[in-house]
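Colleague: I would like a close look at one part of this model, the open sheet and what surrounds it. Please take me through it in order.

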Amino acid sequence: MSHEPRLSQLLAQAGRVVQTPLHKLVVDDPARAQDFALRVGPIYANFARQHYDRDALAALFVLAEQAGARHKLQALFDGEKINLTEGRAVLHTALRGDLSSTATARAAHAQAVEARARMRVLIDALAAGDVTDVVSVGIGGSDLGPRLAVDALTGAAPGRFRVHFLSNVDGHAAQRVLAGLDPRHTAAVLISKTFGTQETLLNGAILRDWLGEHASADGGRLYAVSANVERPAAAFGIPPERILPMWDWVGGRYSLWSAVGFPIALAIGMDAFEAMLAGAAQMDAHVLHTPLEQNLAAWHALTAVWNRNGLGYATQAVHAYDERLKLLSNYLQQLVMESLGKSVRTDGSAVEVDTVPVWWGGAGTDTQHSFFQALHQGTSIVPSDFIGVVRSDTPYADNHRALHANLLAQTEAFANGQASDDPHRAYAGGRPTTMILLDALTPESFGALLALYEHSVYLQSVVWGINAFDQFGVELGKQVASRLLPALAGEAQADDPVTRALLDQLR
Ligand SMILES: O=P(O)(O)OC[C@H]1O[C@H](O)[C@H](O)[C@@H](O)[C@@H]1O
């Protein structure tokens with residue numbers, strides 16, 4: 001069913017709300033500082049500086065109800081085949097909890113528990129030897145989540161191994177990662193759901209050759225994670241006991257909770273990995289069981305829809321005011337843009353409103369000295385999520401106070417602006433932000449934060465009526481690249497005249 005008429009009601013709300021500047025909405029209704037805030041376990045979020053009012057919010061919640069948000073959340077947890085274009089269930093929630101009693105969800109959960117038991121055994125065995133470093137080879141969903149988690153959590157829960165990541169097909173990436181590592185004390189994990197990804201196969205071969213005798217023999221140190229057990233065995237000689245499973249009911253960008261998270265467990269230990277899952281499960285329970293009006297994922301999702309469709313903002317930024325979360329924006333780019341970068345509904349008809357904005361961001365305070373000028377005074381308004389962490393885990397109290405002062409200052413300045421007679425020194429304000437605060441950066445709060453974004457993305461897809469779980473858009477480039485490989489080797493010519501001219505330069 002089309003949601004267009006309801007979205008047009010939203011546009012009418014937006015036309016009314018924008019008559020009032022953001023800072024005036026807050027001044028006129030100061031109680032929204034408390035009323036537009038929610039807490040779920042270790043996460044507090046405040047939406048009071050979004051450019052909507054109570055009536056607009058009410059219309060947004062109606063929109064979500066009418067799109068069937070409650071029923072569709074249940075369908076996700078129950079393992080219904082909501083990835084319609086590929087006929088698959090989407091059960092990342094079953095990797096971290098057992099909130100659904102359907103046979104499908106229970107079977108998935110049991111498989112996840114069994115895989116974790118195998119991860120623990122493999123890690124214990126590796127820890128008994130003299131391996132110090134592990135190289136994780138994967139790309140996209142088989143890289144970004146583990147890379148972020150390892151970078152974010154290694155300080156809080158240092159494990160037994162240093163973990164390095166190799167994703168790019170550019171050989172310089174392999175060269176850089178391997179420099180300084182010793183094949184006698186290194187293991188490698190090849191992670192690929194399909195085990196057909198060009199980058200991972202090429203880099204995997206580099207690792208296998210570099211490990212040499214330490215790769216695949218008995219007691220070898222080459223591991224794999226894949227939904228396709230035959231391929232790593234056939235292509236790399238990895239024995240089944242060193243291949244951890246993946247399943248078609250877990251999307252790549254939702255897979256860090258599965259054995260794809262093996263590098264995370266290697267870096268922070270299996271107990272901390274399971275704590276991360278528990279944090280996500282806490283968010284899952286909140287999202288599944290809480291009415292939309294008090295549901296953090298619903299607030300986050302509807303705010304995104306409002307900014308995109310109501311106010312027409314074409315990009316969305318996330319600023320992590322914590323150095324440990326500096327890779328969050330990279331991870332969210334795949335989660336959000338691969339999931340929501342669609343222009344047809346699940347039934348194939350065109351979506352008549354804009355879907356995903358461009359997601360981007362970085363870590364404060366560095367970003368204040370690079371692109372914040374444009375956010376304060378540029379002609380495009382960029383709504384932003386600001387992520388802060390209340391407790392510091394460093395001894396540098398002055399730095400932490402300064403970090404917090406900047407976090408507060410930026411969001412206040414974005415919202416309120418500052419008038420001036422000099423147009424060059426005037427700040428218009430009206431830049432909407434959401435503040436998300438973690439009590440501390442722990443495996444639990446980190447897991448809860450990522451689960452929040454996952455559910456927000458799903459709820460946005462529900463409102464837009466699109467499939468958040470396929471990614472056919474990335475296929476065309478891969479097909480053309482494989483057609484062009486022979487041309488690069490000088491064995492064929494390209495059809496396209498511009499490509500031909502460029503090939504002449506590259507050859
Ligand atoms: O895990 P793999 O099968 O190697 O896939 C890795 C990545 O490849 C593709 O480009 C997809 O767009 C991603 O969603 C996926 O995460």
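Modeller: The part in question is an open sheet of five strands, in the order E4-E3-E5-E6-E7, with parallel pairing. Strands here (at least two residues, E) and helices (at least four residues, H or I) are DSSP runs numbered from the N terminus, and two strands pair if DSSP finds at least two bridges between them. The edges are strand E4 (162-166) and strand E7 (243-245), each of which pairs on one side only. From one strand to the next the twist averages 20°, where axes are lines fitted to C-alpha atoms, for helices over the stretch in contact, and angles run from 0 to 180 degrees between N-to-C directions.

Two notes on the source. This is a predicted model, in which local features need pLDDT of at least 70 and side-chain atom pairs count only at pLDDT 80 or more, while totals for chains, interfaces and linings use all residues. Residues are numbered from 1 along each chain as its sequence is written.

Strand E3 (residues 133-137) pairs with E4 in the parallel sense over five bridges. Asp133 stands opposite Arg162 in E4, and Val135 has His164 in E4 as its bridge partner. E3 is also joined by five bridges to strand E5 (residues 186-191), and these two run parallel. There, Val137 stands opposite Leu190 in E5. Four of the five residues of E3 are buried, which leaves the strand mostly covered. A residue is buried if 20 or more other C-beta atoms lie within 10 Å of its own, exposed if 12 or fewer, and partly exposed in between, with C-beta atoms placed from the backbone.

Phe195 lies in the loop between E5 and helix H9 (198-211). Phe195 has a positive phi of about 55° although it is not a glycine. In general, most residues other than glycine have a negative phi. Phe195 counts as buried because 26 other C-beta atoms lie within 10 Å.

Leaving aside neighbours within four places in sequence, Ala188 is in contact with Val134, Val135, Val137, Leu207, Leu211, Arg221 and Leu222; contact means that the C-beta atoms, placed from the backbone, lie within 7 Å. Ala188 is also, with Ala64 and Val189, one of the residues with the most contacts inside the largest nonpolar core, which has 140 residues. Such a core is a set of buried Ala, Val, Leu, Ile, Met, Phe, Trp, Tyr and Cys residues joined through C-beta atoms within 7 Å. Helix H17 (residues 443-464) gives the most to this core, with 13 residues. Domain 1 (3-66 + 290-470) and domain 2 (118-274) both give residues to the core, so it lies between them.

That brings in the domains. The division is into domain 1 (3-66 + 290-470), domain 2 (118-274) and domain 3 (473-506), with bounds from an automatic or database domain assignment. The C-alpha centres of domain 1 and domain 2 are 34 Å apart. Between these two, 17 residues of domain 1 are in contact with 18 residues of domain 2. On the side of domain 1 that touches domain 2, helix H14 (328-340) and H17 each supply at least two residues. H14 has the largest share of that side, seven residues. By class, the side has nine nonpolar, four polar and four charged residues. Here Ala, Val, Leu, Ile, Met, Phe, Trp, Tyr, Cys and Pro count as nonpolar, Asp, Glu, Lys and Arg as charged, and the others, Gly among them, as polar.

E11 is mostly covered, with six of its six residues buried. Thr433, Met435 and Leu437 point one way from E11, and Thr434, Ile436 and Leu438 point the other way. Strand E2 (residues 43-46) pairs with E11 in the antiparallel sense over four bridges, and Ile43 has Leu438 in E11 as its bridge partner. Strand E10 (residues 384-389) is joined to E11 by six bridges, and these two run parallel.
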